[in-house]
Amino acid sequence: MTRRIKKVAVIGSGIMGSGIACHFANIGAEVLLLDIVPRELNDKEKAKGLTLEDKVVRNRMVNDNFKAALKSKPSPIYSQKFADRISTGNLEDDLHKIKDVDWVIEVVVERLDIKQKVFEQIEKHRKPGTLITSNTSGIPIKFMNEGRSEDFQKHFAVTHFFNPPRYLKLFEVIPGPNCSQDVTDFLMMYGEKFLGKTSVLAKDTPAFIGNRIGIFGIQSLFHQVKEMGLTIEEVDKLTGPVIGRPKSATFRTVDVVGLDTLVHVANGIYDNCPDDEAHELFKLPDFVQHMMDNKMLGSKTKQGFYKRVVKEGGKKEILSLDLNTLEYREKQRAKFATLELTKTIDNVLDRFPVLVKGKDKAGDFYRKNFAAMFAYVQNRIPEISDELYRIDDAMKAGFGWENGPFEIWDAIGVEKGIELMKAEGLEPAAWVTDMIADGNTSFYTVQDGATYYYDIPAKAQTKKPGQDAFIILDNIRPTKTVWKNAEAVVEDLGDGILNLEFRSKMNTIGGGVLQGINKAIDLAEKDFQGLVVGNQGANFSVGANIGMIFMMAVEQEYDELNMAIKMFQDTMMRMRYSAIPTVAAPHGMTLGGGCELSMHADKVVAAAETYIGLVEFGVGVIPGGGGSKEMALRAQDTFKKNDVELNVLQEYFLTIGMAKVATSAYEAYDLGILQKGKDVVVVNRDRQIAQAKKHALLMAEAGYTEPAKRKDIKVLGKQALGMFLVGTDSMEASRYISEHDKKIANKLAYVMAGGDLSEPTKVTEQYLLDIEREAFLSLCTERKTLERIQHMLKTGKPLRN
């Protein structure tokens, strides 16, 4: 029988429980969120004369927690409207409702006795066959399901989400000792396909995979930092983006997560893994114990390894903890010669061989650090996992590492990694030695576009499972490239579909990318059936190359700038009007020109985590690549018989004027950037390119015909322009906007009104593009616009002037 999940019950509404509930609501499931009944009234309830029997009191805990979750930043939910999919209740009055759910997830406090009581109550009401899982981070399953029925144990597992559940992709599945294989397989599939996670099968060992390796890495650094005489700034510099880790690196990450959380897991490993060869490493260094004793836990207590203070005059400053004095001091700049050598190396994996050859303190750090990590992960097989790729997957999905430990070891070279270990007095595991002896020189290989891993029992490279739903561009690029330049690559995805991949810095759209888009369409029209525009970088595109615009404007090369903007517009129009279907696959930051490109594709297959918007106002211009035109067009397409057309147009105007950015693909529907019934959202970004290819193929096979160019766009002329100008005058007079903001807004108003036409008129897209381009160019002559662009180029932040 096919198992379907329509309704889920989440027991426990704390940060994790509410976050898990929100993520199930994100994917369309109906959720029942339950928590305990308060045992006493609070002051507000007493003042209102309420009693412990009132429903509002009995549901206070769950409702307060849920409301706090919805207000938290970043939001746990794709759209606030999705909160309606979650109903709340308490464990005394509403637990019987779990008889109607398909999956019960326990997320209560980490105490075995409490969990056992909860499971006892759940068993009284659940129907046979209902999934039961726990989000525990370390309590052994055999203790949790002790005394439960055969059916309960058959359907019981741990499903370990990482916090925050919406954003962190790791989903560890740990089946109970009597769990059915069908249940394990279903949970693995569901996590990947429906929840958008990286499902990792783990064993029932302390801290599972992600936290066991991750906490080892942090504890290792805690011990190394003083031993090597490093500051926390230096460690964060060495363990951040330069090695493909988050900007928060090590110490800032601990501050965000909470030192007490890390200590809890580290103590659990220390207490429960006495035979771990690195057992003593999980002991807390003196400075960590001092911080615990003094409530220096990070963001939650306003001080940790870093502390934000307000100085005289209201200026904010971030101080750093000196690990020798345990006093806060001014932050110190960290700089290493070895890191300078990697500045021209874009691919993170290519940096590792350079880093371990460093002749300064950074080189010493990397050699020592990687040697310890390689030695530790090799020895965790088969203790925590039988397959090495699961360890890499867990670290990438749970800790935001761009590359897992075995991938890094491959990049350095397996034999070089062994050399580093031996220099630290560490020995390679027998299986690593055997692997090399058998002629296998790497943990991973790529064959026919698929990733293979070294299978230890088989002593051979085996295809990594679960790839059939994915297209990995890094794997196919070497053999499937059809055309490329310095900023773009066209790849053959198979079945007559091409992919255009941006390869510029931060995937900005400049001349090379525009050339690539046009070339890809040319190739597709000649010999293929469709085109996907997608990449697998951190972000789809941060927009047009404003550095190029700035240089042209400063040099007053207005003819060249006009030609560049027209080329951008013409390329966007080719995305819409070509002989083949075009599909955009945005994800992450999709700003400015990246948004404009998406809006001009025949279809958008967006990752759920797409942060998309027309943000040009921030640099002192209006969208000039067709974005202003497109918003005017979409506004008129939504005019209805009884609508006040000016009000509809104003909504679209404000989306640009306020530089609104959707915080999820679902919010982009509300802003009119994505279109319901046409564009689609995928939760798992790993599936995005494959899904985009499917949609391109479907449109081609359905008999795609190039659309006729629009000549029927209703613009309101002076009627709308007058309304906009009165509004901007009022906002300037009230000091909501500056004089320059008003000038930009008036230019946008002119475009979206269709100019100062005396009456509503139907115009062509080209008419709107021409006045859009004229308005854009006129703003580029403004000194304050150039100041804004220059400030953005220097700081990455908008300037208000």
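Two strands count as paired if DSSP finds at least two bridges between them. Strands here are DSSP runs of E with at least two residues, helices are runs of H or I with at least four, and both are numbered from the N terminus.

Some housekeeping. This is a predicted model, so local features need pLDDT of at least 70 and side-chain atom pairs count only at pLDDT 80 or more, while totals for chains, interfaces and linings use all residues. Residues are numbered from 1 along each chain as its sequence is written, and side-chain values use heavy atoms, with hydrogens and water left out.

The sheet comes next. β12, β13 and β14 form an open sheet in that order, with antiparallel pairing. β12 (444-447) and β14 (460-463) are at the edges with a single partner strand each, so one side of each has no neighbour in the sheet. β13, residues 450-455, pairs with β14 over four bridges, and D455 stands opposite A460 in β14.

Now two glutamates. Are they buried or exposed? Buried means under 20% relative accessible area, exposed over 50%, and partly exposed in between, using a 1.4 Å probe and protein chains only. E501, in strand β17 (residues 497-502), has 3% relative accessibility and therefore counts as buried. E192, in helix α8 (residues 181-193), counts as buried at 15%.

Contact means heavy atoms within 4.5 Å. Leaving aside neighbours within four places in sequence, E501 is in contact with residues including L473, R477 and N535.

Next, helix α25, residues 593-600. Eight of its eight residues are buried, so the helix is largely enclosed by the rest of the structure. Among them are C595, E596 and H600.

Last, helix α30, residues 718-733. How far apart are its end C-alpha atoms? They are 22 Å apart, which agrees with the 22 Å that its 16 residues should span at 1.5 Å a residue. That expected span is 1.5 Å times one less than the number of residues.

In α30, the buried residues are A720, L721, F724 and T728. Seen down the axis, they fall within an arc of 95°, so they line one face of the helix; the arc is that of the directions from the helix axis to the C-beta atoms. An α-helix has 3.6 residues a turn, so residues three or four places apart point the same way. The buried residues of α30 pack against α27 (645-657) and α31 (739-753). V726 and A733, on the other side, are exposed.
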